[in-house]
Amino acid sequence: MLPRLIIIAIFLAILASLFSGMYYMLHDKSASTRNVRSLSIRIGLSLLLLALLVAAYVFGFIKLNSVHP
């Protein structure tokens, strides 16, 4: 249950970063570093989520679903 909660929390942080970047893009009239920072945070969180998913699979915390005919 804990890996699922961690994955959901990181995914929600990625979505929050996505929407904050959209907000900064729409409301900042001049070139802003806040939008770039939001994009950098989103990329970092996405890479962290990918690394955690791979590590969880390798260590056996999560398993792939397979369909057998």
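A residue is called buried under 20% relative accessible area, exposed over 50% and partly exposed in between, with a 1.4 Å probe and protein chains only. By that scale Y24, at 24% relative accessibility, is partly exposed. This is a predicted model, in which local features need pLDDT of at least 70 and side-chain atom pairs count only at pLDDT 80 or more, while totals for chains, interfaces and linings use all residues. Residues are numbered from 1 along each chain as its sequence is written, and side-chain values use heavy atoms, with hydrogens and water left out.

**Helix α1**

- Helices are DSSP runs of H or I with at least four residues, numbered from the N terminus.
- Helix α1 has 26 residues and spans 37 Å from its first C-alpha to its last.
- That span is close to the 38 Å expected at 1.5 Å a residue, where the expected value is 1.5 Å times one less than the number of residues.
- The buried residues of α1 include I10, I14, S17 and G21.
- An α-helix has 3.6 residues a turn, so residues three or four places apart point the same way.
- Helix α2 (33–58) is among the elements that cover the buried residues of α1.

- S17 is part of helix α1 (residues 2–27) and counts as buried because its relative accessibility is 7%.
- Contact means heavy atoms within 4.5 Å.
- With neighbours within four places in sequence set aside, S17 is in contact with S38, I41 and R42.
- S38 belongs to helix α2 and is buried, with a relative accessible area of 5%.
- Not counting residues up to four places away in sequence, S38 touches S17, S20 and G21.

**Aromatic pair**

- Rings of Phe, Tyr and Trp (its six-membered ring) pair if their centres lie within 6.5 Å; planes under 30 degrees apart are stacked, over 60 edge-to-face and the rest tilted.
- The count by this rule is one aromatic pair.
- Y23 and Y24 form this edge-to-face pair, with 5.9 Å centre to centre and 65° between the planes.
- Y23 is partly exposed because its relative accessibility is 46%.

**Nonpolar surface patch**

- Nonpolar side chains (Val, Leu, Ile, Met, Phe, Trp, Tyr) are joined into a patch within 5 Å, using residues with over 30% relative accessible area and no salt bridge.
- A salt bridge is a side-chain nitrogen of Lys or Arg within 4 Å of a carboxyl oxygen of Asp or Glu.
- Accessible areas come from the Shrake-Rupley method with a 1.4 Å probe.
- L39, I43, L47, L50, V54, Y57, V58, F59, F61 and L64 make a nonpolar surface patch of about 1,100 Å².
- V58, one of the residues in this patch, lies in helix α2 and counts as exposed at 60% relative accessibility.

Note on methods. Helix = DSSP H or I, 4+ residues; strand = E, 2+ residues; numbered from the N terminus. Patch = residues over 30% accessible without salt bridge, like charges linked within 9 Å, V, L, I, M, F, W, Y side chains within 5 Å.
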